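Dear colleague,

I am handing over the structure below, and after it I have written out what was found. Please keep it open while you read, so that you can look up each place as it comes.

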Amino acid sequence: MSDRTLTAADPQLDAPAAAASAHVDAGDAGYSKDLKSRHVNMIAIGGAIGTGLFLGAGGRLASAGPSLFIAYAVCGLFAFFVVRALGELVLYRPSSGAFVSYAREFMGEKGAFTAGWLYFLNWATTGIADITAVATYTHYWHMFSSIPQWVLALIALAVVLTVNLISVKYFGEMEFWFAIVKVAAITIFMVVGIFLLASQHKVGDTMPGLSNVMDHGGIFPTGIMPMLMVIQGVVFAYASVELCGVAAGETKNPEKIMPKAINSIMWRVGLFYVGSVILLAVLLPYTAYHAGESPFVTVLSKIGVPYAAGVMNLVVLTAALSSLNSGLYSTGRILRSMAMSGSAPKFTGLMNKGQVPYGGILLTAFFCVLGVGLNFVVPADAFEIVLNFAAIGIIGTWGMIMVCSLLFWRRSKDGRVTRPGYKLPWAPYTQIVTLVFLAGVLGLMASEPGAGRTTVLCLPLILAALVGGWFLVRGRVERTKREAEPQAVEAG
């Protein structure tokens, strides 16, 4: 069944929702509303804090220096614009199909098809990166070092998949505690860092303070270009911020919960990302950090904190599992929305007794299993290969959200829809500037030799696959739409 227009008498819509929008996604029916406020708030936090901060910041500090905080601030601002735009659409019409459902309403089935499969590309490849990361981080402990990387990746996938298939409540609980671990880790570090700075306690042989910035080349010790080049990696660090929009479809009272969760992302980004990078820059010169080691471990080990590396490795492992957990959850909901309109395989629309769209989750897990195979064939290169394709999916997803927001704004000007009180500020300029920023990120990827440029050069292949895929499913989409029309008339 595809999207259809319902009358106010339709039992699937309550009165407030019907007043906001006459458009409803048939894929939203059948879900439980078991995600509570604390779940959604922590899902929002989990989406804003990932391995990009705990692990990736070390290499980025080494290449860009203290100016990394500018990259995190800029990317964080645009990530906030994206999730704020999605939040406005959620309050207009909550949907588990999220931006795919909105693309269907404002751009038609072609738009929904494109948005959905770009999102699937994002999370299928991110899932591969996540299980690769889990296996790599688990090898840190000697008791697991003899176990092949692909076996550890398969075990991680099996555990998270099982939790996702039981019920959304179990997903919410797992994500809640994963987020607690991440927030606790970064909070403890920042308390320790502020104490070291305030007390002028030496970090190794270095005295903390602004001298670690000014005496080593200032904010841009290697120039502005390295800071611009790390932006493509920093964008990936914010890759899950849109997840709270998907979760809105399984949340009671999203109109109350979502604005608080989304607004809190802004100060969390400022505190956790920008604040921690500034702290790292004043505690040690940027030359003390390097890729492959968490910058937090670098600082803590220099002040003699025992087991700092082991504890941070556990935190990074938690972040990777959290990302995998989120990817299976969100793609299951997105694929079901697409399946109900005919643009995804029919089995991805199936629900189990726990009101979980297990078909879509299993399809994503299948591609993650291919990632297990990648770990078997090229364990050293698996992470880098999939990471760049995930970046394309992220840029595509964010771009589609902003296009939907722009079209929504235009319809509101025509009087065809009413914007909720919770609005994206400065529309339509915010959407346009964000789209220009995302195009700029693609340009940065193309300008750098290596995996990033190769990935951008693969864009024509991705576009060709999307066009070919649409021609394969368009007949089924039309049939599904025709079959739904008599039901809509009957409902009226």
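A residue counts as buried if its relative accessible area is under 20%, as exposed if that area is over 50%, and as partly exposed in between. With a relative accessible area of 18%, Cys458 is therefore a buried residue. Please bear in mind that the whole model is predicted.

To begin with the overall picture, the protein chain holds 21 helices and two strands, and 57% of its 492 residues count as buried. If you take the contacts between residues at least 6 apart in sequence, 79% of them join residues that are at least 24 apart.

Helix H2, which covers residues 37-48, packs against helix H14, residues 254-283, at an angle of about 35°, and the two axes are 9 Å apart. The crossing that H2 and H14 make is right-handed. On the H2 side the contact is formed by Ser37, Val40, Asn41, Ala44, Ile45 and Ala48, and these meet Ile257, Met258, Lys260, Ala261, Ile265, Arg268 and Tyr273 on the H14 side. Sorted by class, the residues in this contact of H2 with H14 are nine nonpolar, two polar and two charged.

Both of these helices come up again around Cys244, which is found in helix H13 (residues 243-247). Leaving aside residues up to four places away in sequence, Cys244 touches Ile43, Ala44, Val83, Met258 and Ile262; of these, Ala44 in H2 and Met258 in H14 also take part in the helix contact described above. Is Cys244 buried or exposed? Its relative accessible area is 1%, so Cys244 counts as buried.

A disulfide is a covalent bond between the sulfur atoms of two cysteines. How many disulfides does a search of the whole structure find? The search finds zero.

Next comes Ser294, which lies in the loop between H14 and helix H15 (295-302). Ser294 has a relative accessible area of 4%, and so it is buried although it lies in a loop. Its side chain reaches the backbone oxygen of Phe54 at 2.6 Å. Again leaving aside residues up to four places away in sequence, Ser294 touches Phe54, Leu55 and Met312.

Trp426 counts as exposed because its relative accessibility is 61%.

A positive phi of about 60° is also found at Gln355, which is likewise not a glycine, and its place is in the loop between helix H16 (308-339) and helix H17 (358-377). The relative accessibility of Gln355 is 32%, which means that this residue counts as partly exposed.

Note on methods. Residues are numbered from 1 along each chain as its sequence is written. This is a predicted model: local features need pLDDT of at least 70, side-chain atom pairs count only at pLDDT 80 or more; totals for chains, interfaces and linings use all residues. Side-chain values use heavy atoms; hydrogens and water are left out. Axes are lines fitted to C-alpha atoms, for helices over the stretch in contact, and angles run from 0 to 180 degrees between N-to-C directions. A crossing is left-handed if the near helix is turned anticlockwise from the far one by less than a right angle, and right-handed if clockwise. Contact means heavy atoms within 4.5 Å. Ala, Val, Leu, Ile, Met, Phe, Trp, Tyr, Cys and Pro count as nonpolar, Asp, Glu, Lys and Arg as charged, and the others, Gly among them, as polar. A disulfide is a pair of cysteine sulfur atoms within 2.5 Å. Buried means under 20% relative accessible area, exposed over 50%, partly exposed in between (1.4 Å probe, protein chains only). A polar contact is a pair of N or O atoms within 3.5 Å; within protein, one must be able to donate a hydrogen and the other to accept it, and residues adjacent in sequence count only if both atoms are side-chain atoms.
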